[in-house]
Amino acid sequence: MGLLAWIIFGALAGWVASMVTGRRHGCCLNIIVGVVGAFIGGIIVQLATGRGFSIGFNLPSLAVAVLGAVILLAIAGIATRSSRW
């Protein structure tokens, strides 16, 4: 995918993940969370299935990216809560 496609895909995945977790972010952070989430989700799927996963504009890829983004936001939430102590 091209750079613009990664930005659009990341924004969509990050936005859906922020809706799922209830953590509201701006557009730029949604893009970052979505793109990093796509990598995390791809690694998790590869470890779980033993096969590679190619990211493209389709529903399974979006689901994998959202899963990774939700995991990323959950880890970030745990890290920020534990640093307040």
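The chain exposes about 5,300 Å², of which carbon and sulfur atoms supply 73%. The model is predicted.

**Figure 1. Overall arrangement of the chain.** The chain contains 3 helices and 0 strands, and its pattern along the sequence is α-α-α. Helix α1 spans residues 3-21 and helix α2 spans residues 27-49, while α3 covers 59-83. Of the 85 residues, 32% count as buried. When contacts between residues at least 6 apart in sequence are considered, 68% of them join residues at least 24 apart.

**Figure 2. The aromatic pair formed by W6 and F39.** A search of the whole structure returns 1 aromatic pair. The ring centres of W6 and F39 lie 5.6 Å apart and the ring planes meet at 15°, so the pair is classed as stacked; the cut-off for this class is under 30 degrees. Because W6 belongs to helix α1 and F39 to helix α2, the pair ties together parts that are 33 residues apart in sequence. W6 is partly exposed, with a relative accessible area of 22%. F39, in turn, has a relative accessibility of 52% and therefore counts as exposed.

**Figure 3. The largest nonpolar core.** This core has 6 residues, namely F9, A13, A38, L62, A65 and V66. At least two of its residues come from α1, and at least two from α3. The greatest contribution is that of α3, which gives 3 residues.

**Figure 4. I31 and its surroundings.** I31 lies in helix α2 and is buried, with a relative accessible area of 19%. Leaving aside residues up to four places away in sequence, I31 touches I7, G10 and A11. The C-alpha atoms of I31 and A13 are 7.8 Å apart in space, although the two residues are separated by 18 residues in sequence. A13 is one of the residues of the largest nonpolar core.

**Figure 5. L29 in helix α2.** L29 is located in helix α2. Its relative accessibility is 39%, so L29 counts as partly exposed. Between the C-alpha atoms of L29 and G14 the separation is 7.8 Å, and these residues are 15 residues apart along the chain.

Figure 6. V45 is placed in helix α2. With a relative accessible area of 18%, V45 is buried, the cut-off being under 20%. V45 and G68 are 23 residues apart along the chain, and their C-alpha atoms are separated by 9.6 Å.

**Figure 7. A nonpolar patch on the surface.** The residues L3, L4, I7, I8 and F57 make a nonpolar surface patch of about 540 Å². One of these residues, L4, is found in helix α1. L4 counts as exposed because its relative accessibility is 60%, and the cut-off for that class is over 50%. I7, another member of the patch, is among the residues touched by I31.

Terms used
Residues numbered from 1 in each chain as written. Predicted model: local features only at pLDDT ≥ 70, side-chain atom pairs only at ≥ 80, totals over all residues. Heavy atoms only, no water. Helix = DSSP H or I, 4+ residues; strand = E, 2+ residues; numbered from the N terminus. Buried < 20%, exposed > 50% of the residue type's maximum accessible area, 1.4 Å probe, protein only. Contact = heavy atoms within 4.5 Å. Areas by Shrake-Rupley, 256 points an atom, 1.4 Å probe, with all protein chains shown as cover. Phe/Tyr/Trp six-rings, centres within 6.5 Å; stacked < 30°, edge-to-face > 60°. Patch = residues over 30% accessible without salt bridge, like charges linked within 9 Å, V, L, I, M, F, W, Y side chains within 5 Å. Salt bridge = Lys/Arg side-chain N within 4 Å of Asp/Glu carboxyl O. Core = buried A, V, L, I, M, F, W, Y, C linked by side-chain atoms within 4.5 Å.
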